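Please read them with the structure open.

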Amino acid sequence: MSENTPYIEHKCTPGDRWDTIAAKYYGNPFKYAPLIMFNPDVQRTFILQEGTVIKVPKIENNNENTENLPPWKKA
């Protein structure tokens, strides 16, 4: 994948959710909306099916503070 590609691909593993993927790539579990919007063909479920490949759009990280998040929401 070239640097000009506006997204990277993520292959879901057991237990992946939109918020955990957002935390992994964006450093903030609440930034899951771009993931959902960029993957209209992926079924809207809480836990994503293992093996599903989703596109993770590149967005600017504004370094929002996540220190007050509960432990399960932190990356």
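Which residues of helix 1 are buried?

1. The buried residues of helix 1 are Trp-18, Asp-19, Ile-21, Ala-22, Ala-23 and Tyr-26, where buried means under 20% relative accessible area, exposed over 50%, and partly exposed in between, with a 1.4 Å probe and protein chains only. Their cover includes strand 1, helix 2 and strand 2, a contact being heavy atoms within 4.5 Å. Just after helix 1, Gly-27 adopts a positive phi of about 75°.

2. On the basis of the values: this is a predicted model, in which local features need pLDDT of at least 70 and side-chain atom pairs count only at pLDDT 80 or more, whereas totals for chains, interfaces and linings use all residues. Residues are numbered from 1 along each chain as its sequence is written, and side-chain values use heavy atoms, with hydrogens and water left out.

3. The protein chain contains two helices and two strands, arranged along the sequence in the pattern β-α-α-β; helices (H or I, at least four residues) and strands (E, at least two) are DSSP runs, numbered from the N terminus. Of its 75 residues, 29% count as buried. Among contacts with a separation of 6 or more, 65% are between residues 24 or more positions apart. The chain exposes about 5300 Å², of which carbon and sulfur atoms supply 52%, the areas coming from the Shrake-Rupley method with a 1.4 Å probe and only the protein chains shown counting as cover for residues.

4. The largest nonpolar core has ten residues, namely Cys-12, Trp-18, Ile-21, Ala-22, Tyr-26, Leu-35, Val-42, Leu-48, Ile-54 and Val-56; such a core is a set of buried Ala, Val, Leu, Ile, Met, Phe, Trp, Tyr and Cys residues joined through side-chain atoms within 4.5 Å. Two or more residues come from each of helix 1 (18-26) and strand 2 (53-57), and helix 1 gives the largest share, four residues. Leaving out residues up to four places away in sequence, Ile-21 touches His-10, Cys-12, Asp-16, Leu-35, Leu-48, Ile-54 and Val-56.

5. One aromatic pair is present. Rings of Phe, Tyr and Trp (its six-membered ring) pair if their centres lie within 6.5 Å, and planes under 30 degrees apart count as stacked, over 60 as edge-to-face and the rest as tilted. The ring centres of Tyr-7 and Phe-38 are 5.8 Å apart and their planes lie at 55°, so the pair is tilted. It links distant parts of the chain, with Tyr-7 in strand 1 (residues 7-11) and Phe-38 in helix 2 (residues 33-38), 31 residues apart. Phe-38 is partly exposed, at 33% relative accessibility. Lys-55 lies over the face of Tyr-7, at 5.2 Å from the ring centre, the criterion being NZ of Lys or CZ of Arg within 6 Å of the ring centre and within 35 degrees of the ring normal.

6. The structure holds one salt bridge, defined as a side-chain nitrogen of Lys or Arg within 4 Å of a carboxyl oxygen of Asp or Glu. Arg-17 forms this salt bridge with Asp-19, and the closest N and O atoms are 2.9 Å apart. Arg-17 counts as buried at 18% relative accessibility, and Asp-19 is buried with a relative accessible area of 7%.

7. Ile-59, in the segment after strand 2, is partly exposed, with a relative accessible area of 35%. Apart from neighbours within four places in sequence, Ile-59 is in contact with Tyr-26, Lys-31 and Pro-34.
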